Amino acid sequence: MFLEDKDLMDTVSFECLIQQNPIERLGILFNENEMRKFEVYDDKEGFVRNIATVDVAWGGGDHLSMPICSEYKNGDCPLIDVYFSTDGKEITIPEVVNKIIEHHITHCHFEANNGGDMYAEKVQEELRKLNVYWCNITWAKAPTNKSKLDRILASAGPIRGSEKSEYRLLIKKRTMIKGNKMYNDFLDFLFKFNQSLKMQGKQHDDAPDSLSSLFQNILGCKSTIGEVHSNYSRDELGI
């Protein structure tokens with residue numbers, strides 16, 4: 001019954017009406033109803049590679065967030081799988097390795113902040129033990145001159161699937177992922193993310209931040225700030 005209700009409404013409505021978890025709708029950056037969706041993406045001739053980014057978590061309720069996308073020549077990037085977990089590194093490192101092998105990911109980028117570089121080196125070490133050398137493991141620290149909100153806003157166009165963007169995210173229809181808790185949780189966190197400054201530091205931004213890393217650090221997307229328009233005024237957003 002709950003899943004049927006969830007299929008009929010957006011994440012914020014479901015949380016407020018069904019889960020009795022009030023969420024501030026004003027300032028929500030990504031609307032599930034406006035996202036590009038797919039069931040099966042079939043373009044074998046246009047396939048380029050499978051890619052992923054990893055935003056490492058070190059407790060505090062944060063998730064290790066690993067969105068996995070296929071890249072196509074036309075710029076479409078369907079989100080084929082997600083690893084999204086609050087477990088410790090002794091559990092997540094083997095699972096990240098398994099995801100890389102399962103999807104034959106050829107480029108996986110890690111955020112190096114707060115020990116993420118050591119995490120990436122451990123993943124690379126485990127892959128080499130399995131004679132897996134075809135995945136390019138890279139890592140870099142997030143720029144200190146930009147906040148997470150700035151980075152997410154810079155990639156809002158590609159994440160929303162804007163036709164003006166060089167690369168565009170597509171997500172699976174909810175009916176296709178009913179048994180996939182991690183994928184569903186990832187989408188829930190993405191669609192609850194609020195761009196209002198008064199919400200910064202009070203919410204988990206692992207899902208949108210890891211997607212912004214994918215578009216910026218692997219696909220090299222340029223900032224879409226100024227091209228993506230908000231439905232709210234600067235005063236309403238507190239900026």
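Trainee: Which residue in strand 3 stands opposite F47?

Mentor: Y72 stands opposite F47. Keep in mind that this is a predicted model.

Trainee: What makes strand 2 and strand 3 a pair?

Mentor: Count the bridges. Pairing needs at least two. Strand 2 and strand 3 have five, in the antiparallel sense.

Trainee: How do you know that strand 2 pairs with strand 5?

Mentor: Apply the cut-off of at least two bridges again. Five bridges join strand 2 to strand 5, residues 105-111, and these strands run parallel. In one spot, T53 stands opposite H109 of strand 5.

Trainee: Where does H63 lie?

Mentor: H63 sits in the loop between strand 2 (47-54) and strand 3 (64-72).

Trainee: Why is H63 called buried?

Mentor: Buried means under 20% relative accessible area. H63 has 11% relative accessibility, so H63 counts as buried. Leaving out residues up to four places away in sequence, H63 touches D55, A57, F84, S85, T86, F189 and D206.

Trainee: F189 is in helix 7. What does helix 7 meet in helix 8?

Mentor: F186, F189 and L190 of helix 7 meet A207, P208, S210 and L211 of helix 8. The residues of this contact divide into six nonpolar, one polar and no charged.

Trainee: At what angle do the axes of helix 7 and helix 8 cross?

Mentor: Roughly 95 degrees, and the axes come within 7 Å.

Notes: Residues are numbered from 1 along each chain as its sequence is written. This is a predicted model: local features need pLDDT of at least 70, side-chain atom pairs count only at pLDDT 80 or more; totals for chains, interfaces and linings use all residues. Side-chain values use heavy atoms; hydrogens and water are left out. Axes are lines fitted to C-alpha atoms, for helices over the stretch in contact, and angles run from 0 to 180 degrees between N-to-C directions. Helices (H or I, at least four residues) and strands (E, at least two) are DSSP runs, numbered from the N terminus. Contact means heavy atoms within 4.5 Å. Ala, Val, Leu, Ile, Met, Phe, Trp, Tyr, Cys and Pro count as nonpolar, Asp, Glu, Lys and Arg as charged, and the others, Gly among them, as polar. Buried means under 20% relative accessible area, exposed over 50%, partly exposed in between (1.4 Å probe, protein chains only).
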